[in-house]
Amino acid sequence: MTDQQFRDAAYPETTEQVFATLLTIEHDDLAAAVLITDAGEDIVYGSDLLDGAGNVAAKTGTYVNLPIEIIPPGQTDEQMRGTIRIPNIDQAIGEMVESISTPARITITVVLAGDTSVIVGGPHFLLELANVRGDALVVEGEISRPALTAEPYPKDWVRPSVFRAAYRISS
């Protein structure tokens with residue numbers, strides 16, 4: 001789908017095209033990924049849905065329909081964090097809150113509700129879900145991008161003692 005086709009589908013005067021958000025929450029402490037959608041009905045994928053670059057946009061399994069609210073983090077320093085709110089009506093969500101203590105990885109993908117094999121947005125990787133808290137009604141947490149500015153760079157310095165071939169002098 002081209003940018004113009006997306007704009008035509010997203011901003012027409014009338015349309016039959018409806019977008020569905022697919023939310024995948026993963027963590028090493030979870031037995032399986034938590035799969036949620038706001039499509040109006042559950043979405044089942046028999047195999048992984050891949051984007052044009054071969055990245056997994058949606059995992060194999062059933063995305064449970066829930067009215068989720070996502071405010072993604074912005075691209076600027078002014079809005080570095082977003083939020084997510086999920087009704088606490090699925091046992092997997094409560095187990096997620098209780099079992100993780102470190103940030104979880106999330107992927108957000110937008111598909112056409114009428115044809116869930118058509119990706120119209122994302123997948124958005126490298127998002128973290130932290131400060132997850134919940135009660136009997138709602139689970140909420142903060143969405144953020146990892147702070148890549150705090151990563152050590154460069155990991156290895158190019159030195160003659162380490163990269164001898166790079167410093168060979170031909171005579």
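**Starting from Ile 36**

Tutor: Leaving aside neighbours within four places in sequence, Ile 36 is in contact with Thr 21, Leu 22, Leu 23, Ile 25, Tyr 63, Val 64, Leu 66, Ile 68, Ile 86 and Ile 93. Keep in mind that this is a predicted model.

Student: Which residue stands opposite Ile 36 in E6?

Tutor: That is Val 64. Strand E2, residues 34-37, runs parallel to strand E6, residues 61-65, and two bridges join them.

Student: And which residue is the bridge partner of Leu 23 in E2?

Tutor: Ile 36 is the partner of Leu 23. Strand E1 covers residues 19-26 and is joined to E2 by four bridges, with the two running antiparallel.

Student: What does E6 pair with in the antiparallel sense?

Tutor: Strand E3, residues 43-45, pairs that way with E6 over three bridges.

Student: What is the order of the strands in the open sheet?

Tutor: The order is E3-E6-E2-E1-E9-E10-E11-E8-E7, which makes nine strands with mixed pairing.

Student: Why is one side of E3 left without a neighbour in the sheet?

Tutor: E3 stands at an edge and has a single partner strand, so one of its sides has no neighbour in the sheet; this also holds for strand E7, residues 69-71. Ignoring direction, neighbouring strands of this sheet are turned by 30 degrees against each other on average.

Student: Back to Ile 36. Which residues have the most contacts inside the largest nonpolar core?

Tutor: Ile 36 is one of them, along with Leu 23, Ile 25, Ile 86, Ile 93, Met 96 and Ile 106, in a core of 19 residues. At least two core residues come from each of E1, E2, strand E8 (81-87), helix H2 (91-99), strand E9 (104-112), strand E10 (119-134) and strand E11 (138-144).

Student: Which of these gives the most to this core?

Tutor: E9 does, with three residues. Another core, of nine residues, lies apart from this one, and its members include Ala 20, Tyr 45, Ala 58 and Tyr 63.

Student: Changing topic: is Thr 21 buried or exposed?

Tutor: Thr 21 has a relative accessible area of 16%, so it counts as buried, the limit being under 20%. Thr 21 lies in strand E1. Beyond four places in sequence, its contacts include Ile 36, Thr 37, Asp 38, Ile 108 and Thr 109.

Student: Where is Ile 119 found, and what is it in contact with?

Tutor: Ile 119 is in strand E10. Leaving aside neighbours within four places in sequence, its contacts are Leu 49, Leu 50, Asp 51, Ala 57, Thr 109, Val 110 and Val 111.

Student: Now the whole chain. How many helices and strands are there?

Tutor: The chain has two helices and eleven strands. Along the sequence they follow the pattern α-β-β-β-β-β-β-β-β-α-β-β-β.

Student: How many residues are in the chain, and what percentage are buried?

Tutor: The chain has 171 residues, and 29% of them are buried. Its accessible surface is about 11,400 Å², with 51% of that belonging to carbon and sulfur atoms.

Student: And what share of the contacts with a separation of 6 or more joins residues 24 or more positions apart?

Tutor: That share is 54%.

Conventions. Residues are numbered from 1 along each chain as its sequence is written. This is a predicted model: local features need pLDDT of at least 70, side-chain atom pairs count only at pLDDT 80 or more; totals for chains, interfaces and linings use all residues. Side-chain values use heavy atoms; hydrogens and water are left out. Two strands pair if DSSP finds at least two bridges between them. Axes are lines fitted to C-alpha atoms, for helices over the stretch in contact, and angles run from 0 to 180 degrees between N-to-C directions. A nonpolar core is a set of buried Ala, Val, Leu, Ile, Met, Phe, Trp, Tyr and Cys residues joined through side-chain atoms within 4.5 Å. Buried means under 20% relative accessible area, exposed over 50%, partly exposed in between (1.4 Å probe, protein chains only). Contact means heavy atoms within 4.5 Å. Accessible areas come from the Shrake-Rupley method with a 1.4 Å probe; for residues, only the protein chains shown count as cover.
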